[in-house]
Amino acid sequence: MRTLKTIVLAVTAMLSASAHSMPPVSSPRYTLSLDGPRWHMMRDTAASWEHDRLYLPEEITSIEYLPVNAPTEWWEMLTPENAVSVSVPGTVEEYLTTSKRPSPDDFKGVSWWFTTVSVPGNLKGRRAMLHFESVRMRAEVYLDGRLVGYDIIGESPFDVDITDALVPGKTHTLAVRVTNPGGNFHWQDFTQMRWGDYKIPPGRGFGGLIGRVRLDVVDAVYIEDIYMQNQPVPTRVKAIVNVRNTSSKAAVRTVGYAVTPKNVSDKVVARGSRKLCLEPGDNSVELEIDVPDARLWDIDSPELYQCDVTLSDGTTLLLLKSPESWMQFLNSAAGIGYESNFTVGTDWVGGVHLVNDHPVLSGLPVNTAMNWPYQELVKDGNSRLGFKIADERFIAGAYRSWPFHLGTAMGEAPCGKGQVLYTTLRLCEPLLSPEPAAEPARKLFGNIIRWAASPQ
């Protein structure tokens, strides 16, 4: 699981999910497309299927109660040597038909579609979801021989949760047992079909993975789907976002959006957000979006816009009125033992308080007293504070000689799913100035941004 970090009064690491692109591994949403020529397919003509019991979605209380239908010659038969190379989406008929007068009954029965899949090892702790756009007709999904999913509806999307079966960093065999009960090659859809004792709707006589397939690795609370709905006013749209909370408790998240012209991602024409309490299960969130200056699409000027939706854990920025108030916030949110703060004057000390070569001090002196360049960051020390705190990671310290007080000038503490870094050093004011403090301030600020954005 990615560790989230935020910096009081400065920088944030956002949880984001785009509706159109595949983020890098460090993103909270990792998407692996399983489309294309990475698959193999073989028929299992000896497999029985005609008298199987069929299970509707509401009848499946646990996948463990369903029968496991292995290949008739066991799992070892699923090798490229025993199969044909295929591309997904695809059908058995398009790869195996040789007759000039094909029949819908030519390839009735069971076929196996299989490939290998792996995700990076640093995705441990997240949920893994397989998404099938369309399979005809029955789909039994196996990961390394373990039944993980089942669908009998056919030709409609369904998801398979493989969190318990997928091991990040390991290469798995993904196999889909597809059963085609037959069908027709015409458009006369008025004759019911039979599958053993069951009556099923008529359909085309094709079998296979006839839609796209992808693997999503996500956090416990994630954006499951986005639907853009047109409105009567042509410059307004509604984004209907389904946010899925797979945890057992309600979660507070901020859902935000940004609209940009297609292929011009740096020009934001509309932006907004809403903070919500998301109950366990699916939560439908409606975002009213108005782009009054939007250029409407027409044949001569086919203007298109893109909407990116983000999901934040709510710790994006803390702008509280006083150090006292935000330290009290950290006291309750991070569990640190905050006692009080004091004005340090002009005397600062580092010594052993600059510990462990913290990433935010990269390129600056460590394990030393706070002499130059740090002194420049505590200019006007009479307005600087030291915090009397317990249980945090002590990075830099401050003291007042009379009466003696020793406190925190920079520290780190666990907060939520990650850490929070807090400091009373003078970082923002010198950034754009020519004064000596600019150099250490810029180094520290850059280090802090890299620290906040890192996946560790």
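So, His40: leaving aside its neighbours within four places in sequence, this residue is in contact (heavy atoms within 4.5 Å) with Pro80, Ala83, Val84, Ser85, Val86, Trp112, Trp113 and Phe114. Bear in mind that this is a predicted model, where local features need pLDDT of at least 70 and side-chain atom pairs count only at pLDDT 80 or more, while totals for chains, interfaces and linings use all residues. Residues are numbered from 1 along each chain as its sequence is written, and side-chain values use heavy atoms, with hydrogens and water left out.

Is His40 buried or exposed? His40 is buried, at 18% relative accessible area; buried means under 20%, exposed over 50%, partly exposed in between, with a 1.4 Å probe and protein chains only. The side chains of His40 and Ser85 also make a polar contact of 3.4 Å. That term means a pair of N or O atoms within 3.5 Å; within protein, one must be able to donate a hydrogen and the other to accept it, and residues adjacent in sequence count only if both atoms are side-chain atoms.

Now, the strand. His40 sits in strand 4, residues 36-43; strands are DSSP runs of E, at least two residues, numbered from the N terminus.

Methods:
Helix = DSSP H or I, 4+ residues; strand = E, 2+ residues; numbered from the N terminus.
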